[in-house]
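The following exercises concern the structure shown below.

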Amino acid sequence: MSKNWRPATKLVHGGTTRSNHGETSEAIFLTQGFVYESSEAAEARFKGETDGFIYARYGSPTNDMFEQRMCMLEGAEDARATASGMAAVSAAILCQLKAGDHIVAARALFGSCRWVVETLAPKYGIECTLIDGRFLENWEKAVKPNTKVFFLESPTNPTLEVVDIAGVAKIANAIGAKVVVDNVFATPLLQKPLELGAHIVVYSATKHIDGQGRCLGGMILSDKEWINEHLHDYFRHTGPALSPFNAWTLLKGIETLPLRVRQQSENAARVADFLAEQPEVARVIYPGRKDHPQADIIARQMKGGSTLVCFELKGGKEAAFALQNALDVVLISNNLGDSKSLITHPATTTHKNLSDEARTELGISPGTVRFSAGIEDSEDLIEDFARALKSVKA
């Protein structure tokens with residue numbers, strides 16, 4: 001198999017194995033277990049003396065193809081597919097920590113991610129310090145003798161802040177900590193955290209990788225040593241495995257990822273520029289615009305903007321609701337990365353469980369709206385927003 005394939009080719013052919021039937025599309029192996037030619041063969045398989053699958057909770061041929069394809073795209077040595085994005089986040093963080101360890105996490109996180117580090121981990125004796133991750137000095141100041149993990153997402157949900165991944169990795173390497181990056185908003189096409197020095201990358205495959213609103217899935221990618229030492233046994237014994245059917249669905253989705261992300265990013269950029277000129281809009285945040293607060297970092301570590309736009313309406317929650325309710329093409333949903341354009345009011349949905357103070361710290365106001373661009377015609381999207389904005393009071 002060629003190692004010089006470009007991303008679009010890898011996402012169609014990478015990691016594919018075929019049965020003796022020679023099927024064109026990847027096969028779905030909907031089986032819980034596997035049979036052995038003999039008792040001796042079963043023993044050898046369980047000892048790890050021969051290759052092969054044992055139980056679907058540990059892995060399956062369909063899941064293996066999905067993992068290999070993601071490794072080729074991400075530039076990772078190994079990966080494990082999980083039942084959801086949050087299963088990937090939880091496993092990636094908790095598998096390598098014990099009571100008495102310390103996490104430093106950027107405070108700008110998806111609500112459930114923040115719950116894992118801020119609420120769940122301390123229940124098991126794991127400390128957590130939340131910081132404003134935009135400034136490298138905050139990572140340095142938060143370090144303790146027992147710091148083992150740095151956790152961040154970049155761009156962040158929903159305000160599209162960007163963290164200097166290479167800078168954070170340098171600090172982590174100096175103290176022997178591991179950097180875990182949630183790369184969902186960038187996708188593996190627009191940002192490569194492992195190339196920037198991160199040690200572990202996680203995805204909600206539910207988002208862009210499926211991209212068509214069909215199923216849940218997650219992915220953890222790292223080097224073989226880390227996965228064998230920390231994730232392997234955790235994964236086998238706690239059971240966050242991805243369904244083979246969902247793995248097959250995600251394999252089909254990932255084939256068109258470059259086409260969708262390209263169109264979504266172009267649409268997002270055009271909508272961002274349009275919204276920035278509207279009197280009802282107080283501010284627009286988009287990684288592809290020169291007025292983004294971390295434009296210099298974006299130029300260094302990202303290959304493009306994003307499929308998402310964050311903007312704030314001057315009229316607060318009332319204006320946000322009025323806009324969303326008046327849209328026709330764009331659908332109200334808490335999901336993102338879909339072929340269909342989606343819009344979300346974070347303060348009342350994805351980040352509603354945060355305190356008012358916490359949301360203010362993150363820049364999430366009552367008027368903050370998150371737009372996930374789909375693959376529709378950009379002119380239809382702009383016309384939809386132009387019409388809906390007429391119902392909003394500036």
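**Exercise 1.** How many bridges join strand S2 to strand S3, and do the two strands run parallel or antiparallel?

*Solution.* The model is a predicted one.
Step 1: Locate S2 at residues 102-106 and S3 at residues 127-131.
Step 2: Five bridges join these strands, and their direction is parallel. One of the paired residues is His-102, whose bridge partner in S3 is Glu-127.

**Exercise 2.** Determine where the buried residues of helix H15 fall when the helix is seen down its axis.

*Solution.* Step 1: H15 covers residues 378-389, and its twelve residues reach 16 Å from the first C-alpha to the last.
Step 1: List the buried residues, taking under 20% relative accessible area as the cut-off: Ser-378, Leu-381, Ile-382, Asp-384, Phe-385, Ala-388 and Leu-389.
Step 2: These residues fall within an arc of 155° around the axis of H15, so they line one face of the helix.
Step 3: The elements against which they pack include helix H11 (257-276) and strand S9 (308-313).

**Exercise 3.** Identify the edge strands of the open sheet formed by five strands.

*Solution.* Step 1: The strand order is S8-S9-S12-S11-S10, with mixed pairing.
Step 1: S8 (281-285) and S10 (331-332) each pair on one side only and are the edge strands.
Step 2: Within the sheet, S9 and S12 are antiparallel and share five bridges; Val-309 has Phe-371 as its bridge partner in S12.

Terms used. Residues numbered from 1 in each chain as written. Predicted model: local features only at pLDDT ≥ 70, side-chain atom pairs only at ≥ 80, totals over all residues. Heavy atoms only, no water. Pairing = 2+ DSSP bridges. Helix = DSSP H or I, 4+ residues; strand = E, 2+ residues; numbered from the N terminus. Expected span 1.5 Å × (residues − 1). Buried < 20%, exposed > 50% of the residue type's maximum accessible area, 1.4 Å probe, protein only. Arc of directions from axis to C-beta. Contact = heavy atoms within 4.5 Å.
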